[in-house]
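Thanks for coming, everyone. I'd like to walk you through one model today, so please have a look at it with me before I start.

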Amino acid sequence: MCVQGSAATTRSDRLARSDAADAQVGSLLAVLRQGAKLAIFAVGGYGRQEICPGSDLDLLFIHEGMATSQLKTIVDGVLFPLWDAGQEIDHSVRTVEQTLALAKADVKVALGLLDVRHVAGDVSVGIELASDGLRTWRGNSGHMLPKLRSMQLDRIKRSGELAYFIEPDLKEARGGLRDITVLRAIAASWVADLPHAKIDESNEFLLDVREALHVVTGRKKNQLLLQEQDQVANILGLVDADDLLRLVAEAGRAVDYANELTWRRVDQGNQESKRNRYGRRRPAVSTRVAQDLVLFEGEVALEFAANVEGDEFLTLRAGATAAQLENPISPITCMRLAGSAPVLATPWSGRARDLFISLIGAGESSLVVWEALDQAGLIIRLIPEWQAVRNLPQRNVLHRHTVDRHLLETVIQAKGLLRTVRRPDLLLVAALFHDIGKGQVGDHSEVGAKLMQIIAMRMGFSRADAAVLESLVLHHLLLPDTATRRDLDDPQTISNVLEKLDEQVASLDLLHALTIADGLATSGTAWSPWKAKLVEQLVERIKSTVAGFPLPQEPQLDDELVLMAASSTLDVRVKPDEGHYEILVVAPDSPGLLAKVSGVLSLAKLDVKAAKTLTRNTSAVMRWQVTLAPYGQIPEAPAILDSLRRSLTGEFEVTRRLRERARDHARPSRMPTSPPVVAVLQDQASHATVLEIRSHDRPGLLHDVAMAVTSAGIDVHAAIVSTLGAEACDVFYVTELGGGPLSLAEGERVAALVEFELCKVAQDLSPAG
C-alpha cells in the first residue's frame, strides 16, 4: 500500500510539523511560565505526532493548584498567538487529579491520555501522567470498552463505510482513522491484541491521503470529495482517482476486518471471565461441525490434526460450514489454509461446486466469511478474475458499494428469490459474477459474458449451464433497460427482447430474479416499486407472447378514456396507482401539447415516468404516470386543469417559469457533466422511430426535450422517462406528421436538431452561463 511520487507525503513531514509546533508552544510558554508549576502536554493526533496541514493542536495544560489569575495569563499568552496565526486549538486546563478522575468516566478524555506526550514546561509536573492514564484505562476497561463500542457504532451510522463510499470520510467512516484509534485503545487495555503491521501500514497511508487532501483544499478536511480526488492522487504519485479510491478501500477493509476480529476477541475474553468468575478455570469447549473442522469460542477453526495439505476441498468446506452456521471463520485457520491448502483441481468436481454454492448461498453470514477468505488471498486463488473487481470503485451515484461488494450484496438479495426459480445454483452464480467484466476495456456485459463462460467451465458446469450463465451476464441489464426505456405495449419491444434472448428464453425467470437482486443491491433509487412493476409487466408480456398470445398491434383506450375523448373538451383526472399517480388528460390536439402538459406537471412538482398519447378525432388523449418530486404534494385534478388551460391560452408561460426554476436549482457539479446526446434507434418500434435522449437531469428537462422534438416538425406518440441518479434517459416514439417511422436521413436530421437545442438550453442554464 506504500505510494511513492515526486511529491509524496511521508511520516517525516508530519513529524517535522509536530516538532515545529512543539518549538512554537515551548517558546511561548518559556516567556510566560517564570517558574510556575505548569506543563503543556499534547494529546490525540498531536500526541502521536500525526499532524496534517489542517490539523488541530490538542493541548492539555497541567498545573499544580495555581492561582486562577496567574493560570489564565499563561494559558491566554500561549493560545492567543497561536489563534492569531490561524492555528485551530482544542485545549483543556486541569490538574493531574482532575484529569485522571475525568478519565475514569469520560471515554474521550481517557483515549486522549493514551497518546499523551510532554511538550513544554516543568517536566516534574505530570511526570507520570502517561503511565497513570494507561493504568486508569486498563483498570476501567470493563465499563469503558462497551462505551467505546457504542460511540463507534453511532459514528459509523452517521459516516458510513470508508471502503465502499465514493466520497468517503477518511477519519470518521468505518475503517477510517478513528477506528484505528479504537483498535489501539483496545490493545492498550490488554484485553485483546491487534495485527500491528497491517494497521500501521493502513494508518500511514490514510494519513498521507488526508495530508494531500489538506494541501489540495488549503484547509482542514476529512471527506474525500470527487472534485479533489484526481489532485490528491497526483500528489501521492498515483495513476488517477480510481487508483486512489481502490487503495483507500484496501486500507479501509484491512482496518474494518481487524476491528471485527478485535471486538470478537474482546467478547471471547468476556466469556472466559464469566467462566472463571468463581475461581475454577473452565476451558472453552470445541464442537466438531464438519470433517477436520470445529466450532471453538464462536469461530469455525481447523482441528489440530486437520489434513490441510492433502484435502483440496478444505478451504471451501471451511467457508461453507462457517457461513451456514452463521459463525465467522478463525483468522488463524485462514492463514493455515492460505499457506498450506492445495489448489483446487480444475474443472471443479460437483462436490467442490456444491460447497461453493453453500458458501455464497448462506445470505448475510457469507459476507464475514468471504471477507476473511479474501483478506487471506484465498478468493483470488479460487477465482483469479475476482482480482479485477476487488475494491473497484463505481463512479455512479446510484451505486453505494465497490464492484466486489455489490456482487456479494446481489447474491444476498438473490437468496430471497431462490424459491422463484428452478435452478437456484445458477441464480447465485450469475448474481456473483454479473458485473465481473467491469474495470476492463469494452462493454462490461459483453466482457463479463466471456469471463463467465471461462469461470463456469472451470467450475465444472455443463456446457448447457455455462451457456445459461453466459446469457444471464450478457443480458443482466436487458429487462430494466427495456422496461424503463421502451413502450411495453408495442409488439416490437417484445420481439426485440425475444430476439436477444434467442435460445435462452427458457431462463427468463432466472433473468427476472437476477434483475430484481441486482436492483435491490444497487440502491433504493435504482430499484423502485415503479421499476419493479414495469419489469414484471415486461416479463408477463414476453411470457404471453411465447405462449401464443401476442400483444395487439395498437394500444387500446379503456372505457374511461373513450368517454373523456368523446366529450372533446379539456379534461384532467387523477388516480392513485401503487405508489405513483396516473393522470389522464384530454385536450384539443395541437403541436407542442406534450411539452406544455409535461411542463405543467413539472411545475406542480411531479416527476413524469411515462406518457402515452393517442389522437381521437380532434382530441389528444394522454395517459401520464407520475410520482411526487421532493417537497411535492398529492396532485389535484382541478389545479392541474386550471394551469393547463391557462398555458394553452398563453396566459401561463410554462417555458419561462421552468427556466427560472431550473436556474434557481442550478449548482456547480462535482463531476464533469457531459453534453446531451440524441440517438436514433431504428427497428425498435412497430410503427414509429425511437429517439433516445441522454442528458444531465434537471427540472423541466422533459418539457425542453418535447419542445425540441416538436420544433423538428414530427409527431410524438409516447414518451418514457428513466432517471438514473443525476442522469436522465428520455425515450420518444415519433412519426412523420402523416404517420409512419422516420426515414434514416430524417431521423438523423431530427436527432441533430434536438441535440443542438438541448445543448443551447443547457448552456443557458449552467451556473457559469
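**A walk through the chain**

Let me begin with contacts: of those in the chain between residues at least 6 apart in sequence, 69% join residues at least 24 apart, where a contact means heavy atoms within 4.5 Å. Two words on the source: this is a predicted model, in which local features need pLDDT of at least 70 and side-chain atom pairs count only at pLDDT 80 or more, while totals for chains, interfaces and linings use all residues. Residues are numbered from 1 along each chain as its sequence is written, and side-chain values use heavy atoms, with hydrogens and water left out.

Now the overall picture. The chain has 30 helices and 15 strands; these are DSSP runs numbered from the N terminus, helices being H or I with at least four residues and strands E with at least two. Its C-alpha atoms fill a box of roughly 100 × 70 × 50 Å along the principal axes. Of the 769 residues, 53% are buried. Buried means under 20% relative accessible area, exposed means over 50%, and partly exposed is in between, using a 1.4 Å probe and protein chains only.

On to strand 1, residues 38-42. How many of its five residues are buried? Five of the five, so the strand is largely enclosed by the rest of the structure. L38, I40 and A42 point one way, while A39 and F41 point the other way. Strand 1 has two pairing partners to show you, where pairing requires that DSSP finds at least two bridges between the strands. With strand 2, residues 57-63, it pairs in the antiparallel sense over five bridges, and F41 stands opposite L60 there. Strand 4, residues 117-121, also runs antiparallel to strand 1, joined by four bridges; in strand 4 the bridge partner of F41 is H118.

Next, please find S598, in helix 26, which spans residues 593-603. Is S598 buried or exposed? It is buried, because its relative accessible area is 4%. The side chain of S598 reaches the backbone oxygen of A595 at 2.9 Å. Not counting residues up to four places away in sequence, S598 touches W624, L702 and H703.

Two of those names take us to helix 29, residues 701-711: L702 and H703 are among its buried residues. Eight of the 11 residues in this helix are buried, leaving it mostly covered. After helix 29 comes G713, with a positive phi near 80°.

I516 sits in helix 23, residues 508-522, and is buried, with a relative accessible area of 18%. Leaving aside neighbours within four places in sequence, I516 is in contact with L417 and W527. I516 and W527 are 11 residues apart in sequence, and 7.6 Å apart from C-alpha to C-alpha.

A cis peptide bond joins T346 and P347, with omega about -5°; P347 is in the loop between helix 13 (331-340) and helix 14 (350-360). E297 has a positive phi near 50° without being a glycine, and lies in the loop between strand 6 (293-296) and strand 7 (299-302). E297 counts as partly exposed because its relative accessibility is 26%. E326 also has a positive phi, about 60°, and belongs to the loop between helix 12 (314-325) and helix 13. E326 is exposed, at 62% relative accessible area.

How values were computed. Polar contact = N/O pair within 3.5 Å; in protein donor to acceptor, adjacent residues only side chain to side chain.
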